[in-house]
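Thank you all for coming. Please take a moment with the sequence and the model before I go through a few points.

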Amino acid sequence: MLPRFLRVQSAFPLLTALVLAACSTTTAPPVVESRSEPAAPSKPAPVATPAPASSSTRSSPPLASVPALGRPLQPAEWSELPGWNADALEESWPAFMASCRGLARQPVWQPVCEAGRALGTTPSGSEIRRFFEGRFSPWRVLNPDGTKEGLITGYYEPLIRGSRAKSRDYNWPVIGVPDDLLNVDLSDAYPELKGLRVRGRMGGHNKVVPYYTRAEINRTPERFAHKTLLYAADPIELFFMQVQGSGRVQLPDGSLVRLAYGDTNGYPYQSIGRWLVDKGELKLEQASMDGIKNWVRANPARLNELLAVNPSYIFFKEVPNTPGGPVGALGQPLTEGRSMAVDPRSVPLGAPVFLSTTNPLSTQPLQRLMMAQDTGSAIKGGVRGDFFWGFGPEAGTMAGRMRQKGEMWVLWPRDQMPR
């Protein structure tokens with residue numbers, strides 16, 4: 001456990017030990033808020049966290065900075081992919097073209113992407129199937145213990161109500177990245193820390209101290225007045241937008257503002273759903289996103305108590321409200337129902353992935369070609385994926401219910417070894 005305060009010049013060796021120890025520990029995913037990973041509570045010092053993604057709390061380092069794990073991929077046959085011949089592959093083509101844009105500089109992808117572009121923007125499903133079967137080979141994704149099944153959760157782009165001006169109806173600040181937030185990359189001095197960062201702020205006597213917790217930020221909104229982007233109407237809706245890491249805000253005149261992940265205060269995430277279950281406030285089956293919202297509306301006086309359970313806080317940045325989904329870790333807009341978040345140490349970022357799982361709260365098969373275009377701090381391991389359901393309340397309902405078993409196959413250019 002790190003001490004409460006660390007001097008800049010002495011933090012690095014201790015931080016190295018902390019990170020290496022943390023990398024050897026596996027934590028269970030949260031009850032509902034699947035976009036961020038819960039961690040054992042500790043006395044926080046400037047915290048080492050994975051480098052951020054542009055689209056979520058899901059901290060998403062660029063591909064080049066991800067620590068290598070040795071990808072657990074096993075050669076497979078097309079006949080092993082359940083539902084491959086039934087998938088409407090034409091729905092996946094825009095997402096594949098987006099992956100090609102993100103992978104344009106990688107030599108292994110250039111030939112297949114050039115061949116894909118030659119098919120045009122609207123090839124038929126049969127043309128796409130011949131394309132993949134002729135130019136790709138399937139590789140089954142395994143867990144480190146050799147098992148084939150893993151956890152598939154869901155995420156989405158929320159819509160909340162907000163205003164540029166503070167009022168009685170809009171009084172919860174949506175905060176941009178503070179000027180005093182330190183975000184330090186240690187990889188030049190310590191290569192083993194590549195992809196990890198320290199976040200904190202300067203305190204007295206030239207010390208780096210932890211950044212403010214969620215509770216401290218909520219108690220002192222005036223400290224961030226000059227960085228406030230908008231004011232939200234509903235604090236729990238704002239919380240879940242922070243969990244997702246991006247979203248859109250509808251202003252009183254009906255116009256939409258799009259927000260993307262800016263940075264985090266660096267604290268490990270704690271699940272408020274799990275806390276409510278542990279306290280006996282909700283049963284496990286009630287701890288969905290809707291269940292948590294209903295509990296808050298029935299217990300308004302305990303809102304701040306609940307929010308303080310999770311010290312992690314996400315700062316946003318305003319981005320153009322362009323068509324398509326939020327921008328993922330690959331640097332491309334996500335495609336509803338065809339993009340997913342993966343652990344890039346196990347599944348190459350940008351690669352096509354065939355997913356075999358079931359629909360939320362159902363045994364109905366959900367088997368389709370996806371594109372690994374995003375990452376997330378809770379998305380760790382081999383067979384571990386986060387299914388992007390799209391934008392708005394309906395997508396949020398599906399994402400909040402999704403916690404299914406699944407299998408995954410990476411599609412890699414033929415005659416090449418995945419790397």
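This is a predicted model: local features need pLDDT of at least 70, side-chain atom pairs count only at pLDDT 80 or more; totals for chains, interfaces and linings use all residues.

What percentage of the 419 residues in the chain is made up of buried residues? The answer is 54%, where buried means under 20% relative accessible area with a 1.4 Å probe and protein chains only. Residues are numbered from 1 along each chain as its sequence is written, and side-chain values use heavy atoms, with hydrogens and water left out.

The chain has 10 helices and 19 strands, taken as DSSP runs (helices H or I, at least four residues; strands E, at least two) and numbered from the N terminus.

Turning to the cysteines, the structure holds one disulfide, that is, a pair of cysteine sulfur atoms within 2.5 Å, and this one joins C100 to C113 with an S to S distance of 2.1 Å. Because C100 lies in helix α2 (residues 93-102) and C113 in helix α3 (residues 110-118), the pair ties together parts that are 13 residues apart in sequence. The torsion about the S-S bond of C100 and C113 is about -85 degrees, so the disulfide is left-handed. Both C100 and C113 are buried.

Finally, among contacts (heavy atoms within 4.5 Å) between residues at least 6 apart in sequence, 79% join residues at least 24 apart.

Notes:
Buried means under 20% relative accessible area, exposed over 50%, partly exposed in between (1.4 Å probe, protein chains only).
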